Amino acid sequence: MQSHAAIHPVMLSRRALLASASGLACALTLGRVTALHAAAAKVSGRAEAQTAAALENLLVHVYDSVLALPRSVSGAGSAAISHVLSAFRMHHAAHAEMFNTVADTLGGARQTAVDGAMDDAVVAPALSTLRGPADVLGLLTNVESIVAATHVQFSGTAGDARALAALCSIAPVEAEHAALLQTFSALLSAGAPELVALPPDTQALPAAAGSAGFALSSLPVSQARRAGEEVR
Amino acid sequence: MSVSPHTCGDAPTRRGFLQGAGAAVLGAGLVACTTPPKAAPTANPVATDLRLAALAARLELALVDAYTTIVAAAEPGGRLAPAPAAFLALARTAAAQHADHAALWNATLAANHVSEENSGEAALVAQTHQQLGTAQSVADVAAAALRLEQTSVQTYVAMAIRFADHHARRRAMQIGPVEAQHAAVLGFLLGAEPVPDAVVGSGAALHLPAVRG
């Protein structure tokens, strides 16, 4: 479990503190800060929305690639794994459309390609090494976790309310995907593939199935991708 | 302990498929519906953020209280024992993580010279005690925990877009998805669709306007 030290207690930002100050000098300063921030906020979120859309396209690509593998490799011979692969793929297609709608609204460009930077660094090398369901679940968990971290990181930089709303409502879903995939991985690791089922035989599940999906108290963001990285 | 309000089959259900197909439209609507109201010109953003942080701390303390009650009822010798090992592991881990979350929010309050929160959000605690007190099975308490986690996730989503401070917002978004993970695994254990929707809404969120500055 992540220690408390992972996220330090934060003082509220300097800008926020300045905004609460009184007096003429502070009011003048506050006026300048507010005006500058308002100008920046007109486009803040566009880059984040575009990169998020490209990352969602990449997730759709990953799920499509996995679903195209022999069932013995993808794990799709399991009804539960087959179900989540298809359901999560549809979620990501919907997410891509949402982020593209936001990018459109903010004057950006719709993203129809995958995020090439992350594909090159993370996905393509792993796709070529998949040998069985455990590998597949490991790759998908990793990619979902990275994209969740990216949406969380972007929620701290996107100024536009529409971009922010999309990021905040989608990031938890990626985290849920990762948790369930990790739970299935734990069952495979325990040598109990027959327990990967929907609904499961709850009485037979090992304790690890109840906690493997959330090893950390706070979602780490160290693996978050960089806004604008999809531009080549 | 399975209860199956949305039991899964071999393939995505028709309902699930429709949810997926409609998610883009839903998503577009969500972006519009969850756009945070503009703060009144006289609102103090620091005061508002601190009220949100205090609410988050009370929310987490309510979850700690609920899981403490659940573990007592489900562990060996408890009123509803025996419970599946996976459920007990979830409840114990979730209790510890919610305690971590409460400590993080209280640390933020303390760093800003505001009194720490010591008890859970009263309405939520009362509602949870009523549900847990009448529970007749481990599945009942698991379902109550799932509702609580869903309330928490949706509260974080609604709250995050209202934080003026970017660090506080990011913290909310590092915590909210962990609540979502608890909910997904609870859904799995209950035999429900573990990740039923493409987006998290805010319809079940705690009422936030009262925290406006």
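Biologist: At roughly what angle do the axes of helix 3 and helix 6 of chain A cross, and within what distance do they come?

Modeller: One caution precedes the answer: this is a predicted model. In general, two packed helices are described by the angle between their axes and the distance between the axes. Here, the axes of helix 3 (residues 46–67) of chain A and helix 6 (residues 116–127) of chain A cross at roughly 10° and come within 12 Å. Angles under 35 degrees count as roughly parallel, so helix 3 of chain A is roughly parallel to helix 6 of chain A.

Biologist: Which residues of helix 3 of chain A meet which residues of helix 6 of chain A?

Modeller: From helix 3 of chain A come Leu55(A), Leu58(A), Val62(A) and Ser65(A); they meet Met118(A), Asp119(A), Val123(A) and Leu127(A) of helix 6 of chain A. By class, the residues of this contact are six nonpolar, one polar and one charged.

Biologist: Turning to chain B, how many helices and how many strands does it have?

Modeller: Chain B has six helices and zero strands, and its pattern along the sequence reads α-α-α-α-α-α. Of the 213 residues in chain B, 56% are buried. Among contacts in chain B with a separation of 6 or more, 79% are between residues 24 or more positions apart.

Biologist: How do helix 5 and helix 6 of chain B pack, and what is the handedness of their crossing?

Modeller: Helix 5 (residues 138–160) of chain B packs on helix 6 (residues 166–190) of chain B at an angle of about 155°, and the axes are 8 Å apart. Angles over 145 degrees count as roughly antiparallel, and therefore helix 5 and helix 6 of chain B are roughly antiparallel to each other. Their crossing is left-handed. The residues of this contact comprise 18 nonpolar, five polar and three charged.

Biologist: Is Ala158(B) buried or exposed?

Modeller: A residue is buried if 20 or more other C-beta atoms lie within 10 Å of its own. Ala158(B), in helix 5 of chain B, counts as buried because it has 26 C-beta neighbours inside 10 Å. Beyond its neighbours within four places in sequence, Ala158(B) is in contact with Ser202(B), Ala205(B) and Leu208(B). Ala158(B) also lies 9.3 Å from His207(B), C-alpha to C-alpha, although 49 residues separate them in sequence.

Biologist: Which residues of the largest nonpolar core touch the most other members?

Modeller: In soluble globular proteins, nonpolar side chains tend to be buried together. The largest nonpolar core has 137 residues, and those touching the most other members are Leu167(A), Phe87(B), Val141(B) and Ala142(B). With residues up to four places away in sequence left out, Phe87(B) touches Gly210(A), Ala74(B), Val138(B), Ala142(B) and Leu189(B).

Conventions
Residues numbered from 1 in each chain as written. Chains lettered and ligands numbered in written order. Predicted model: local features only at pLDDT ≥ 70, side-chain atom pairs only at ≥ 80, totals over all residues. Axes fitted to C-alpha atoms, helices over the stretch in contact; angles between N-to-C directions. Helix = DSSP H or I, 4+ residues; strand = E, 2+ residues; numbered from the N terminus. Parallel < 35°, antiparallel > 145°, perpendicular 65-115°, else oblique. Left-handed = near helix turned anticlockwise from the far one by under 90°. Nonpolar A, V, L, I, M, F, W, Y, C, P; charged D, E, K, R; others polar. Buried ≥ 20, exposed ≤ 12 C-beta atoms within 10 Å, placed from the backbone. Contact = placed C-beta atoms within 7 Å. Core = buried A, V, L, I, M, F, W, Y, C linked by C-beta atoms within 7 Å.
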